[in-house]
Amino acid sequence: MAAAIEAKKIVQGGSFLIEERTPEEIFTPGDFNEEHRMIADTTRQFMDAEVQPRIGELENKDWKLARALVKSAADLGLVGANIPEEYGGLGLDQTSGAIIAENLGRSASFAATLGAQSGIGLLPIIYFGTEAAKQKYLPPIAAGDLVTAYALTEASSGSDAMAAKATARLSDDGKDYILNGEKMFITNGGFADIFIVFAKVDGDKFSAFIVERQEGCQSGAEEHKMGIKGSSTTPLILADARTPVENLLGEVGKGHKIAFNILNIGRFKLGAMCLGGMKLAMHESVRYANERQQFGKSISSFGAIKSKLGEMAIRTWVGEAMIYRTLGMIEEGLGAVADSKDMDARLKAIEEYAAECSIIKVALSEYCDYVTDEMVQIFGGYGYSADYPAERAYRDTRINRIFEGTNEINRMLIPGRLMKAALSGRLALLPAAQALMDEILSPSMASFDLDESLLATEQKLAQNAKKVALMTLGTAAQKYMMGLSDQQEILMSVADIIMDTFAMESAVLRARKMAAVQGEAAVALQLDMTRVFCNDAVERIEGDAKNTLAAMAEGDELRTLLAALRRFTKMTPMNTVAARQRIANAMIAANRYVY
Ligand SMILES: Cc1cc2nc3c(=O)[nH]c(=O)nc-3n(C[C@H](O)[C@H](O)[C@H](O)COP(=O)(O)OP(=O)(O)OC[C@H]3O[C@@H](n4cnc5c(N)ncnc54)[C@H](O)[C@@H]3O)c2cc1C
């Protein structure tokens with residue numbers, strides 16, 4: 001009975017498209033506990049005091065310093081946060097991991113270094129390692145004495161990771177695997193002590209291993225990169241590298257489970273890192289805009305600059321709402337796992353939110369690119385100069401759209417995961433789409449909406465956005481059926497509609513929750529941000545849906561769908577100009593990002 005009650009509380013992944021949530025049901029930064037706030041402060045202070053002042057040395061490839069900083073971070077618990085206590089970690093929740101990632105994002109290079117150490121280079125051991133491997137490797141990783149790396153990509157297999165050519169074979173005495181091949185773009189490659197290596201046993205069974213640095217395990221030359229120059233990225237050459245059979249992760253031939261599941265965690269952490277980068281970029285943009293005088297005034301007094309600052313803040317705040325809402329769902333899912341040591345069940349609980357993790361990865365990496373691009377513009381010519389922070393921020397953020405699954409791959413995963421859940425019967429998407437089609441074919445007379453509750457208009461817009469998402473996804477599923485996965489242009493647009501829908505609702509719920517606690521007047525600007533975001537999102541959604549529907553239907557069918565789209569996207573435009581000004585003015589007055 002208790003288990004049944006627990007199970008009821010779990011919000012299903014993807015259900016945001018077909019169910020309504022209340023503000024009380026979602027997790028927001030306002031719900032952080034004392035431990036969360038402490039870990040945020042610790043990470044931020046460490047980054048600002050220890051890492052930021054030394055970024056030049058890191059960019060000059062001082063890997064001794066990088067190692068020392070990994071050690072210092074580990075001493076503060078930043079590496080072992082998500083390592084179970086019995087293996088020398090702190091055993092903190094996933095939210096703490098995301099909060100650490102957010103604050104690491106203040107320096108993208110070191111975020112990549114520590115992100116590999118405490119994320120992709122570590123999690124496969126926690127979730128798939130043998131007991132012997134956990135005991136051997138986790139305590140020194142948590143202590144920062146061993147540096148880790150993750151070696152999946154090869155020169156000819158990136159997105160298509162399963163096409164890897166690296167091989168592994170069992171030694172004649174059955175004690176070791178012997179690995180050969182060449183990996184590419186390995187973060188921490190230049191100085192890592194252990195590598196999570198993906199290779200095919202006997203040339204066809206894709207598997208993963210922990211491999212210690214040794215003679216047969218050589219780093220190639222450092223990549224000359226566009227950004228995150230203060231992180232090491234090298235090839236890894238395996239020439240008869242040996243690793244004991246206890247270092248096999250999971251099962252032979254099941255390496256894909258490791259590669260794909262770990263990425264879900266990697267994706268929400270990457271989103272959180274982008275958020276941290278955006279907050280810092282905002283802060284520096286506001287300060288610069290206040291300091292810089294042109295035409296006898298601070299440039300922050302110009303409407304063109306205010307409009308940028310306002311929009312940058314909106315995307316930062318909405319992105320934050322999406323991340324921590326998802327973390328809340330993940331924590332509830334993990335909380336319902338009966339045996340907290342059952343790693344398989346824990347990973348499944350996280351995988352439930354794979355669509356949300358991909359949404360966060362794509363949305364935040366693109367919001368971050370937007371924010372740093374506008375930062376360069378606000379800095380003008382100095383934005384283009386390497387002596388000012390905008391230039392580095394702009395270059396550093398670009399990689400986020402490429403690694404942890406490119407944004408194209410993640411966009412396709414979003415509707416892909418939802419359809420998979422729908423077809424397996426876990427998510428009632430198809431009946432909802434059918435009911436919507438019935439509504440579209442016989443629309444009821446629009447009722448006069450008297451709802452005057454806070455953000456009622458935006459809530460309605462979000463509800464209608466869900467209908468547009470269902471309508472486009474449902475039409476695509478009906479038209480292409482099993483061939484839907486080949487319709488990439490359609491899937492990418494549907495993904496954009498779904499992302500905006502999730503973002504709109506997350507913003508509405510977060511703002512309402514804040515208003516309930518602090519009162520409406522205290523959160524007037526957050527209400528502004530929500531209203532502007534929803535206003536603009538509906539316009540984007542309408543454009544995406546129009547193009548998608550026109551590509552899938554014609555004649556009467558298209559006319560019917562477009563008529564429904566017009567109903568679902570009907571709104572009275574708001575004064576976004578004045579709202580962005582108010583949002584910017586508060587930051588200009590405080591000389592920092594205030595949301
Ligand atoms: C700085 C840096 C650090 C990295 N760190 C690591 C690391 O630590 N470990 C590691 O293993 N890897 C790492 N990578 C590799 C990274 O994960 C890959 O670069 C990424 O997965 C993309 O692979 P690719 O470069 O081969 O591009 P490709 O897969 O060749 O993609 C090229 C383009 O084609 C698109 N594309 C590919 N397939 C499809 C498809 N089916 N449908 C539609 N579009 C498609 C992509 O979206 C992209 O736009 C790193 C890369 C960089 C640059």
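Student: By class, how many nonpolar, polar and charged residues does the shell around the ligand have?

Tutor: Keep in mind that this is a predicted model. In total, 20 residues surround the ligand, and the closest include Gly-158 and Glu-408. Sorted by class, that shell has 11 nonpolar, seven polar and two charged residues.

Student: Which element gives the most to the shell around the ligand?

Tutor: Start with the elements that give two or more residues: E1, strand E3 (176-187) and helix H14 (407-423). The one that gives the most, with three residues, is E3.

Student: What is the bridge partner of Tyr-150 in E4?

Tutor: Tyr-150 is in strand E1 (residues 148-151), where Thr-148 and Tyr-150 are buried on one side and Ala-149 and Ala-151 on the other. E1 runs parallel to strand E4 (residues 194-201), and four bridges join them. In E4, the partner of Tyr-150 is Ile-196.

Student: Which helices are included in what covers the buried residues of H20?

Tutor: H20 spans residues 576-590, reaching 22 Å from first C-alpha to last, close to the expected 21 Å. Its buried residues include Ala-579, Ile-583 and Met-587. The cover over the buried residues includes helices H9 (255-291), H10 (303-335) and H18 (524-552).

Notes. Residues are numbered from 1 along each chain as its sequence is written. This is a predicted model: local features need pLDDT of at least 70, side-chain atom pairs count only at pLDDT 80 or more; totals for chains, interfaces and linings use all residues. A residue is buried if 20 or more other C-beta atoms lie within 10 Å of its own, exposed if 12 or fewer, and partly exposed in between; C-beta atoms are placed from the backbone. Two strands pair if DSSP finds at least two bridges between them. The expected span of a helix is 1.5 Å times one less than its number of residues. Two residues are in contact if their C-beta atoms, placed from the backbone, lie within 7 Å. A residue is near a molecule or strand if its C-beta atom, placed from the backbone, lies within 6 Å of it. Ala, Val, Leu, Ile, Met, Phe, Trp, Tyr, Cys and Pro count as nonpolar, Asp, Glu, Lys and Arg as charged, and the others, Gly among them, as polar.
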